[in-house]
Every structure is written in structure tokens, then in C-alpha cells.
Amino acid sequence: MTTADADRRTYRHAITEHLLTALEDVVLRYRTLALHTEHADLHAEVITAEVAHQLAVARNGLHRYPPLR
């Protein structure tokens, strides 16, 4: 494995870890918000937006380097 391949794998691993941590944070916030059900529709919209944002961040990071072959 070349240094470039190792760097790409390390970079992709960091992106994956960030995404998973961010999604875990969303779940924790949702569970906290679920205790206050009077605004459930609003909470669902916020959660959807957060997940979409985290996916976009991960996708952009992964597209910076060409895929491993």
C-alpha cells in the first residue's frame, strides 16, 4: 500500500467516524426532544435537516479525493 492510499484510508476513516458521531448526537438530541411531544412535527423537521446536513458534509469530504481502486 502506498502512502497516498494510506492517507486516503485514514481520511475516509475520519469522515466515517465524524458522520457516525454526528448521527449519534442527533439521536441523543431527538430522545431529549421526544420528552416534549407538543412540537413533534417541528422536531422531525429539525432532525431531518440535521441528518441531511451531516450526509452532505460526509459526501463532500469523500468526493475530495478520488475513490480507492
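Biologist: What should I know about the model before reading any values?

Modeller: This is a predicted model, in which local features need pLDDT of at least 70 and side-chain atom pairs count only at pLDDT 80 or more, while totals for chains, interfaces and linings use all residues. Residues are numbered from 1 along each chain as its sequence is written, and side-chain values use heavy atoms, with hydrogens and water left out.

Biologist: How many helices and strands are there in the chain?

Modeller: Helices (H or I, at least four residues) and strands (E, at least two) are DSSP runs, numbered from the N terminus. In this chain there are 2 helices and 0 strands; helix H1 covers residues 3–33 and helix H2 covers residues 40–62.

Biologist: How does the span of each helix agree with what is expected at 1.5 Å a residue?

Modeller: The expected span of a helix is 1.5 Å times one less than its number of residues. H1, with 31 residues, reaches 45 Å from its first C-alpha to its last, close to the expected 45 Å.

Biologist: At what angle do the axes of H1 and H2 cross?

Modeller: Axes are lines fitted to C-alpha atoms, for helices over the stretch in contact, and angles run from 0 to 180 degrees between N-to-C directions. Here the two axes come within 10 Å and cross at roughly 175 degrees. Angles under 35 degrees count as roughly parallel, over 145 as roughly antiparallel, 65 to 115 as roughly perpendicular and the rest as oblique, and H1 and H2 are therefore roughly antiparallel to each other.

Biologist: Which residues of H1 and H2 meet?

Modeller: Contact means heavy atoms within 4.5 Å. On the H1 side the residues include Tyr11, Ile15, His18, Leu19, Ala22 and Val26, and they meet a set in H2 that includes His43, Ile47, Gln54, Val57, Ala58 and Gly61. By class, this contact has 14 nonpolar, 4 polar and 3 charged residues, where Ala, Val, Leu, Ile, Met, Phe, Trp, Tyr, Cys and Pro count as nonpolar, Asp, Glu, Lys and Arg as charged, and the others, Gly among them, as polar.

Biologist: Which residues of the two helices are buried?

Modeller: Buried means under 20% relative accessible area, exposed over 50%, and partly exposed in between (1.4 Å probe, protein chains only). In H1 the buried residues are Ile15, Leu19, Ala22 and Val26, and they pack against H2. In H2 they are His43, Ile47, Gln54, Ala58 and Gly61, which pack against H1. Of the 69 residues of the chain, 13% count as buried.

Biologist: What is the relative accessibility of His18, and which residues does His18 contact?

Modeller: His18 is found in helix H1 and, at 45% relative accessibility, counts as partly exposed. Leaving aside neighbours within four places in sequence, His18 is in contact with Gln54 and Val57.

Biologist: Where is Ala34 found?

Modeller: Ala34 is in the loop between H1 and H2 and is partly exposed, with a relative accessible area of 34%. Its C-alpha atom is separated by 9.7 Å from that of Ala44, 10 residues apart along the chain.

Biologist: What do the radius of gyration and the box say about the chain as a whole?

Modeller: The radius of gyration is taken over C-alpha atoms, and the globule rule is 2.2 Å times the number of residues to the power 0.38. A compact globule of 69 residues would have a radius of gyration near 11 Å, but this chain has 16 Å. Its C-alpha atoms fill a box of roughly 55 × 15 × 10 Å, taken along the principal axes. Among the contacts in the chain with a separation of 6 or more, 81% come from residues 24 or more positions apart.
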